[in-house]
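Please walk through this protein chain with the sequence and the 3D view side by side. Take it one region at a time.

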Amino acid sequence: MRVVLAEDLFLLRDGLVRMLSAFGFEIAAAVDSGPGLTRALAELEPDVAVVDVRLPPTHTDEGLQCALAARKARPGLPVLVLSQHVEQLYARELLADGTGGIGYLLKDRVFDAEQFIDAVRRVAAGGTAMDPQVIQQLLSRRAADDRPLAGLTPRELEVLELMAQGRSNAGIAAQLVVTERAIAKHTSNIFTKLGLEVSDDDNRRVLAVLAYLDRDR
(Lines give C-alpha, C1' and ligand atoms only; values in the text may rest on other atoms or scores of the structure.)
Protein backbone atom coordinates (compact mmCIF):
# COMPACT_ATOMS: atom_id res chain seq x y z
CA MET A 1 0.00 0.00 0.00
CA ARG A 2 1.55 3.30 -1.15
CA VAL A 3 1.49 6.31 1.18
CA VAL A 4 2.20 9.99 0.67
CA LEU A 5 3.13 11.58 4.00
CA ALA A 6 3.14 15.33 4.64
CA GLU A 7 4.66 16.60 7.91
CA ASP A 8 6.95 19.61 8.30
CA LEU A 9 8.63 18.52 11.56
CA PHE A 10 11.60 16.38 10.53
CA LEU A 11 11.73 14.13 13.59
CA LEU A 12 8.01 13.35 13.49
CA ARG A 13 8.09 12.83 9.71
CA ASP A 14 11.06 10.48 10.01
CA GLY A 15 9.37 8.58 12.84
CA LEU A 16 6.17 8.15 10.85
CA VAL A 17 8.11 6.95 7.82
CA ARG A 18 9.83 4.32 9.96
CA MET A 19 6.58 3.23 11.63
CA LEU A 20 4.62 2.94 8.39
CA SER A 21 7.46 1.08 6.71
CA ALA A 22 7.69 -1.34 9.65
CA PHE A 23 4.02 -2.22 9.15
CA GLY A 24 4.45 -2.95 5.45
CA PHE A 25 3.48 0.36 3.85
CA GLU A 26 5.47 1.73 0.93
CA ILE A 27 6.36 5.41 1.34
CA ALA A 28 5.77 6.91 -2.10
CA ALA A 29 6.84 10.35 -0.84
CA ALA A 30 7.47 12.17 2.44
CA VAL A 31 7.14 15.92 1.98
CA ASP A 32 7.29 18.98 4.25
CA SER A 33 5.15 21.64 2.52
CA GLY A 34 1.81 22.30 0.88
CA PRO A 35 3.22 22.67 -2.66
CA GLY A 36 5.21 19.46 -2.20
CA LEU A 37 2.07 17.64 -1.06
CA THR A 38 0.05 18.90 -4.03
CA ARG A 39 2.69 17.68 -6.48
CA ALA A 40 3.08 14.30 -4.79
CA LEU A 41 -0.66 13.60 -4.70
CA ALA A 42 -1.10 14.59 -8.35
CA GLU A 43 1.93 12.75 -9.72
CA LEU A 44 2.12 9.62 -7.55
CA GLU A 45 -1.58 8.76 -7.02
CA PRO A 46 -1.04 7.03 -3.65
CA ASP A 47 -3.42 4.59 -1.98
CA VAL A 48 -3.67 6.90 1.05
CA ALA A 49 -2.34 10.28 2.19
CA VAL A 50 -1.35 11.04 5.79
CA VAL A 51 -1.31 14.81 6.14
CA ASP A 52 -0.53 17.35 8.85
CA VAL A 53 -3.16 20.11 8.88
CA ARG A 54 -0.59 22.89 9.23
CA LEU A 55 2.12 23.00 6.57
CA PRO A 56 4.39 25.67 5.07
CA PRO A 57 4.16 28.17 3.58
CA THR A 58 1.09 29.47 5.47
CA HIS A 59 1.25 27.24 8.58
CA THR A 60 -2.54 27.58 8.87
CA ASP A 61 -4.58 24.80 7.28
CA GLU A 62 -2.44 24.38 4.17
CA GLY A 63 -2.27 20.59 4.48
CA LEU A 64 -6.02 20.19 4.85
CA GLN A 65 -6.78 22.44 1.88
CA CYS A 66 -4.27 20.61 -0.33
CA ALA A 67 -5.84 17.29 0.64
CA LEU A 68 -9.37 18.56 -0.04
CA ALA A 69 -8.30 19.90 -3.45
CA ALA A 70 -6.73 16.53 -4.27
CA ARG A 71 -10.00 14.76 -3.33
CA LYS A 72 -11.87 17.02 -5.72
CA ALA A 73 -9.43 16.14 -8.50
CA ARG A 74 -9.51 12.47 -7.55
CA PRO A 75 -12.82 11.72 -5.78
CA GLY A 76 -12.52 9.21 -2.98
CA LEU A 77 -8.77 9.70 -2.44
CA PRO A 78 -8.24 8.34 1.10
CA VAL A 79 -6.89 11.05 3.41
CA LEU A 80 -5.98 10.85 7.10
CA VAL A 81 -5.43 14.30 8.60
CA LEU A 82 -3.34 14.86 11.74
CA SER A 83 -3.91 17.89 13.96
CA GLN A 84 -2.36 19.22 17.16
CA HIS A 85 -5.75 20.27 18.54
CA VAL A 86 -9.39 19.37 17.98
CA GLU A 87 -10.98 21.75 15.45
CA GLN A 88 -14.56 20.89 14.51
CA LEU A 89 -14.23 23.02 11.38
CA TYR A 90 -11.55 20.67 10.04
CA ALA A 91 -13.74 17.64 10.69
CA ARG A 92 -16.69 19.39 9.04
CA GLU A 93 -14.69 20.18 5.91
CA LEU A 94 -13.50 16.59 5.63
CA LEU A 95 -17.04 15.25 5.99
CA ALA A 96 -18.62 17.77 3.61
CA ASP A 97 -18.66 15.56 0.52
CA GLY A 98 -20.44 12.74 2.36
CA THR A 99 -18.07 9.99 1.21
CA GLY A 100 -15.69 7.73 3.08
CA GLY A 101 -11.95 7.34 2.96
CA ILE A 102 -11.35 10.10 5.51
CA GLY A 103 -9.84 10.36 8.95
CA TYR A 104 -9.01 13.01 11.50
CA LEU A 105 -6.72 12.18 14.42
CA LEU A 106 -4.92 14.19 17.04
CA LYS A 107 -1.15 13.92 16.69
CA ASP A 108 -0.93 12.30 20.12
CA ARG A 109 -2.52 9.18 18.61
CA VAL A 110 0.51 8.47 16.44
CA PHE A 111 2.42 7.42 19.54
CA ASP A 112 0.04 4.47 19.83
CA ALA A 113 1.25 2.46 16.85
CA GLU A 114 -1.64 -0.01 16.87
CA GLN A 115 -4.28 2.73 16.94
CA PHE A 116 -2.54 4.85 14.30
CA ILE A 117 -1.91 1.99 11.87
CA ASP A 118 -5.49 0.77 12.30
CA ALA A 119 -6.72 4.25 11.36
CA VAL A 120 -4.48 4.40 8.26
CA ARG A 121 -5.69 0.99 7.09
CA ARG A 122 -9.33 1.81 7.78
CA VAL A 123 -9.14 5.06 5.80
CA ALA A 124 -7.21 3.43 2.95
CA ALA A 125 -9.97 0.82 2.69
CA GLY A 126 -12.55 3.58 2.20
CA GLY A 127 -13.68 3.75 5.82
CA THR A 128 -13.72 6.53 8.38
CA ALA A 129 -11.48 7.15 11.40
CA MET A 130 -12.40 10.04 13.68
CA ASP A 131 -10.56 10.93 16.86
CA PRO A 132 -12.55 10.14 20.04
CA GLN A 133 -12.12 13.76 21.21
CA VAL A 134 -13.75 15.03 18.01
CA ILE A 135 -16.74 12.77 18.61
CA GLN A 136 -16.97 13.77 22.28
CA GLN A 137 -17.11 17.43 21.27
CA LEU A 138 -19.82 16.76 18.69
CA LEU A 139 -21.84 14.81 21.23
CA SER A 140 -21.48 17.41 23.98
CA ARG A 141 -22.44 20.18 21.55
CA ARG A 142 -25.75 18.47 20.78
CA ALA A 143 -26.49 16.69 24.04
CA ALA A 144 -27.87 19.67 25.95
CA ASP A 145 -31.10 20.09 23.99
CA ASP A 146 -31.23 17.19 21.52
CA ARG A 147 -34.28 15.12 22.44
CA PRO A 148 -33.48 12.10 20.24
CA LEU A 149 -30.00 11.85 21.76
CA ALA A 150 -31.47 12.24 25.24
CA GLY A 151 -33.65 9.21 24.49
CA LEU A 152 -30.68 6.89 24.04
CA THR A 153 -29.69 4.53 26.81
CA PRO A 154 -26.17 4.72 28.29
CA ARG A 155 -25.18 1.60 26.31
CA GLU A 156 -26.63 3.05 23.10
CA LEU A 157 -24.59 6.22 23.66
CA GLU A 158 -21.45 4.09 24.02
CA VAL A 159 -22.25 2.31 20.77
CA LEU A 160 -23.04 5.63 19.03
CA GLU A 161 -19.72 7.13 20.08
CA LEU A 162 -17.72 4.13 18.86
CA MET A 163 -19.71 4.00 15.62
CA ALA A 164 -19.02 7.70 14.99
CA GLN A 165 -15.30 7.04 15.42
CA GLY A 166 -15.58 4.78 12.37
CA ARG A 167 -15.69 1.35 13.99
CA SER A 168 -17.58 -1.58 12.47
CA ASN A 169 -20.08 -3.69 14.39
CA ALA A 170 -17.36 -6.29 14.88
CA GLY A 171 -14.95 -3.66 16.20
CA ILE A 172 -17.57 -2.24 18.59
CA ALA A 173 -18.46 -5.73 19.82
CA ALA A 174 -14.80 -6.45 20.55
CA GLN A 175 -14.36 -3.13 22.36
CA LEU A 176 -17.43 -3.63 24.56
CA VAL A 177 -16.95 -7.40 24.93
CA VAL A 178 -20.42 -8.31 23.66
CA THR A 179 -21.75 -10.17 20.63
CA GLU A 180 -22.14 -8.63 17.18
CA ARG A 181 -25.82 -9.55 17.37
CA ALA A 182 -26.18 -7.35 20.46
CA ILE A 183 -24.46 -4.46 18.69
CA ALA A 184 -26.67 -4.88 15.63
CA LYS A 185 -29.72 -4.56 17.90
CA HIS A 186 -28.33 -1.44 19.58
CA THR A 187 -27.50 0.05 16.18
CA SER A 188 -31.02 -0.55 14.93
CA ASN A 189 -32.48 1.10 18.05
CA ILE A 190 -30.13 4.09 17.69
CA PHE A 191 -31.07 4.71 14.07
CA THR A 192 -34.77 4.39 14.84
CA LYS A 193 -34.55 6.89 17.72
CA LEU A 194 -32.50 9.37 15.67
CA GLY A 195 -34.76 9.01 12.64
CA LEU A 196 -31.97 7.74 10.38
CA GLU A 197 -32.22 5.18 7.59
CA VAL A 198 -30.79 1.82 8.61
CA SER A 199 -28.01 0.42 6.39
CA ASP A 200 -26.08 -2.85 6.42
CA ASP A 201 -22.96 -1.00 5.23
CA ASP A 202 -20.69 -0.04 8.14
CA ASN A 203 -19.29 3.09 6.51
CA ARG A 204 -22.68 4.41 5.38
CA ARG A 205 -23.84 4.09 8.99
CA VAL A 206 -20.78 5.96 10.25
CA LEU A 207 -21.28 8.80 7.78
CA ALA A 208 -24.99 9.04 8.61
CA VAL A 209 -24.23 9.32 12.34
CA LEU A 210 -21.50 11.92 11.79
CA ALA A 211 -23.78 13.97 9.55
CA TYR A 212 -26.49 13.88 12.25
CA LEU A 213 -24.09 14.96 15.00
CA ASP A 214 -22.61 17.77 12.91
CA ARG A 215 -25.78 19.23 11.42
CA ASP A 216 -27.27 22.50 12.68
CA ARG A 217 -30.16 22.19 15.08
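This is a predicted model: local features need pLDDT of at least 70, side-chain atom pairs count only at pLDDT 80 or more; totals for chains, interfaces and linings use all residues.

Start with the record. An unreviewed UniProt entry lists residues 2-122 as "domain: Response regulatory". Over that stretch the chain is 45% helix and 21% strand. Its end C-alpha atoms are 14 Å apart.

The unreviewed UniProt entry places the feature "modified residue: 4-aspartylphosphate" at Asp52. Aspartate 52 sits in strand E3, which covers residues 48-52. Is aspartate 52 buried or exposed? Its relative accessible area is 4%. The cut-off for buried is under 20%, so aspartate 52 counts as buried. Setting aside neighbours within four places in sequence, aspartate 52 is in contact with Ala6, Glu7, Asp8, Gly63, Leu64, Leu82 and Lys107.

One of those contacts is Glu7. Glutamate 7 belongs to the loop between strand E1 (2-6) and helix H1 (10-22). Its relative accessibility is 1%, so glutamate 7 is buried. What does its side chain reach? A polar atom of the glutamate 7 side chain lies 2.9 Å from the backbone nitrogen of leucine 9. The glutamate 7 side chain also makes a polar contact with the side chain of lysine 107, at 3.1 Å. Beyond four places in sequence, glutamate 7 touches Leu12, Arg13, Val31, Asp32, Asp52, Leu55 and Lys107.

Now follow the chain past strand E3. Most residues other than glycine have a negative phi, and most peptide bonds are trans. The loop between E3 and helix H3 (62-73) holds proline 57. A cis peptide bond joins proline 56 and proline 57, with omega of about 10°. Histidine 59 lies in the loop between E3 and H3 too. Histidine 59 is not a glycine, yet its phi is positive, about 55°. With a relative accessible area of 42%, histidine 59 is partly exposed.

Turn to threonine 38, in helix H2 (residues 34-44). Threonine 38 has 40% relative accessibility and counts as partly exposed. How far apart in space are threonine 38 and alanine 70? They are 32 residues apart in sequence, and their C-alpha atoms are 7.2 Å apart.

Next come the pockets. Rolling a probe the size of a water molecule over the atoms shows where empty space is left. The largest pocket holds about 180 Å³ of space. Its lining consists of Leu105, Glu114, Gln115, Asp118, Ala119, Arg122, Ala129, Met130, Asp131, Pro132, Gln165 and Arg167. Which element gives the largest share? Helix H5 does, with 5 residues. H5 (113-124) and strand E6 (128-130) each supply at least two residues of this lining. By class, the lining has 5 nonpolar, 2 polar and 5 charged residues.

The second largest pocket has a volume of about 150 Å³. Phe191, Glu197, Val198, Ser199, Arg204, Arg205, Leu207 and Ala208 line this pocket. Helix H11 (residues 202-214) gives the most, with 4 residues. The lining divides into 4 nonpolar, 1 polar and 3 charged residues.

Ser199 is one of these lining residues. Serine 199 is placed in the loop between helix H10 (180-194) and H11. Apart from neighbours within four places in sequence, serine 199 is in contact with Arg204 and Arg205. Serine 199 and leucine 157 are 42 residues apart in sequence, and 19 Å apart from C-alpha to C-alpha.

Arg205 leads on to helix H10. Threonine 187 is found in H10 and touches Arg205, along with Val159, Met163 and Asn169, not counting residues up to four places away in sequence. Threonine 187 has 4% relative accessibility, so this residue is buried.

End at valine 177, in the loop between helix H9 (169-176) and H10. Valine 177 has a positive phi, near 55°, in a residue other than glycine. At 72% relative accessibility, valine 177 counts as exposed, because the cut-off for exposed is over 50%.

Methods. Residues are numbered from 1 along each chain as its sequence is written. Side-chain values use heavy atoms; hydrogens and water are left out. On a 1 Å grid over the protein atoms alone, a cavity is a set of points where a 1.4 Å probe fits but cannot get out, and a pocket is an open set with protein on both sides within 12 Å along at least five of seven lines; lining residues have an atom within 4 Å of a point. Grid points are joined across faces, edges and corners, and a volume is the space filled by probe spheres set on the points. Ala, Val, Leu, Ile, Met, Phe, Trp, Tyr, Cys and Pro count as nonpolar, Asp, Glu, Lys and Arg as charged, and the others, Gly among them, as polar. Buried means under 20% relative accessible area, exposed over 50%, partly exposed in between (1.4 Å probe, protein chains only). A polar contact is a pair of N or O atoms within 3.5 Å; within protein, one must be able to donate a hydrogen and the other to accept it, and residues adjacent in sequence count only if both atoms are side-chain atoms. Contact means heavy atoms within 4.5 Å. UniProt positions are given in the numbering used here, feature names are shortened, and annotations may be inferred rather than shown by experiment.
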